Amino acid sequence: MAFAIKKAIVPAAEERRRFQRVKIHLLGRYMLPDRREFPCQIINMSPGGLALLAPGIGNVGDRVIAYLDHIGRVEGRITRIIDNGFAMTVGATARKRDKLAAQLTWLANRDILNLPEDRRHDRIVPRNPIALLTLEDGTKMTCRIIDLSLSGAAIAAENRPPVKSMVLLGKVNARVIRNLEEGFALEFIHEQLAETLEDSVTAR
């Protein structure tokens, strides 16, 4: 039995040594076990874990589901509390960890090279948050934009379109990617320009 326990512990230690955390600055949202959602900023990440700045902090051991720009959905458990945030594990299959490693390498290189894209996904609250949403079947509904980036938006609305359905926010084509506590999140089909973003999403 002792041998079995030792076998289970060694790979975890090897995994911690194998995955080096890289400093990256990604925005996203996360959900705690009580289903509260908050925006966050990742400060470093490896295929096995990440640290983030966050306004809502759970307890060590709490399960967290996060949706990160460029990365997508990750989930894991809080391992420790840090200043203004927490660190968490990333639960993933070996195949997904390999994919994450490749994504992180690209993101880290992008930051080092200071490509413009690393500043493109700051979230803003539009001056005029009321917008018109056109659903796949042509139905139009008024909604409120919670926040907005060049790659997507969080929308507050009474009715939630089906996840993966195509919609039009103002005159911007988008896809519903997930439900939020008070609405849903959209990913724009094409990244928008900062100069025309607000006018495009609130166009009627």
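**Group meeting: patch, core, barrel and salt bridges**

Let's start on the surface. Ile57, Val60 and Ile81 make up a nonpolar patch there, and together they have about 250 Å² of accessible area. Keep in mind that this is a predicted model. Take Ile81. This residue sits in strand E5, residues 72-82. Is Ile81 buried or partly exposed? Ile81 is partly exposed, because its relative accessible area is 43%.

Now go inside. The largest nonpolar core has 23 residues. Which of them touch the most other members? They are Tyr30, Ile42, Met45, Leu50, Leu68 and Ile71. E2 supplies the largest share, four residues.

Next, the barrel. Six strands close it, in the order E7-E8-E9-E12-E11-E10. The pairing is antiparallel. From one strand to the next, the twist averages 45 degrees. Look at one pair. Strand E11 covers residues 172-180, and strand E12 covers residues 183-188. They pair in the antiparallel sense over six bridges. Where does Ala174 find its bridge partner? In E12, at Phe188. As a reminder, strands of a sheet pair through backbone hydrogen bonds.

On to charges. How many salt bridges does the structure hold? Eight.

Arg29 and Glu37 meet through their side chains at 3.6 Å, N to O. Arg29 counts as buried, because its relative accessibility is 9% and the cut-off for buried is under 20%. Arg29, Glu37 and Asp147 are linked by salt bridges.

Second, Glu75 and Arg63. Their side chains form a salt bridge at 2.6 Å, N to O. This pair links distant parts of the chain, with Glu75 in strand E5 and Arg63 in strand E4, twelve residues apart. Glu75 is partly exposed at 23% relative accessibility. Arg63 is also partly exposed, at 37%.

Third, Arg144 and Glu182. The salt bridge between their side chains is 3.3 Å, N to O. Arg144 lies in strand E8, residues 140-149, and Glu182 lies in the loop between E11 and E12, so the pair ties together parts that are 38 residues apart in sequence. Are these two buried or partly exposed? Arg144 is partly exposed at 36% relative accessibility. Glu182 is partly exposed as well, with a relative accessible area of 44%.

That's the tour. Happy to take questions.

Key: Residues are numbered from 1 along each chain as its sequence is written. This is a predicted model: local features need pLDDT of at least 70, side-chain atom pairs count only at pLDDT 80 or more; totals for chains, interfaces and linings use all residues. Side-chain values use heavy atoms; hydrogens and water are left out. Two strands pair if DSSP finds at least two bridges between them. Helices (H or I, at least four residues) and strands (E, at least two) are DSSP runs, numbered from the N terminus. Axes are lines fitted to C-alpha atoms, for helices over the stretch in contact, and angles run from 0 to 180 degrees between N-to-C directions. Patches are made of residues with over 30% relative accessible area and no salt bridge: like charges are joined within 9 Å, nonpolar side chains (Val, Leu, Ile, Met, Phe, Trp, Tyr) within 5 Å. Accessible areas come from the Shrake-Rupley method with a 1.4 Å probe; for residues, only the protein chains shown count as cover. A salt bridge is a side-chain nitrogen of Lys or Arg within 4 Å of a carboxyl oxygen of Asp or Glu. Buried means under 20% relative accessible area, exposed over 50%, partly exposed in between (1.4 Å probe, protein chains only). A nonpolar core is a set of buried Ala, Val, Leu, Ile, Met, Phe, Trp, Tyr and Cys residues joined through side-chain atoms within 4.5 Å.
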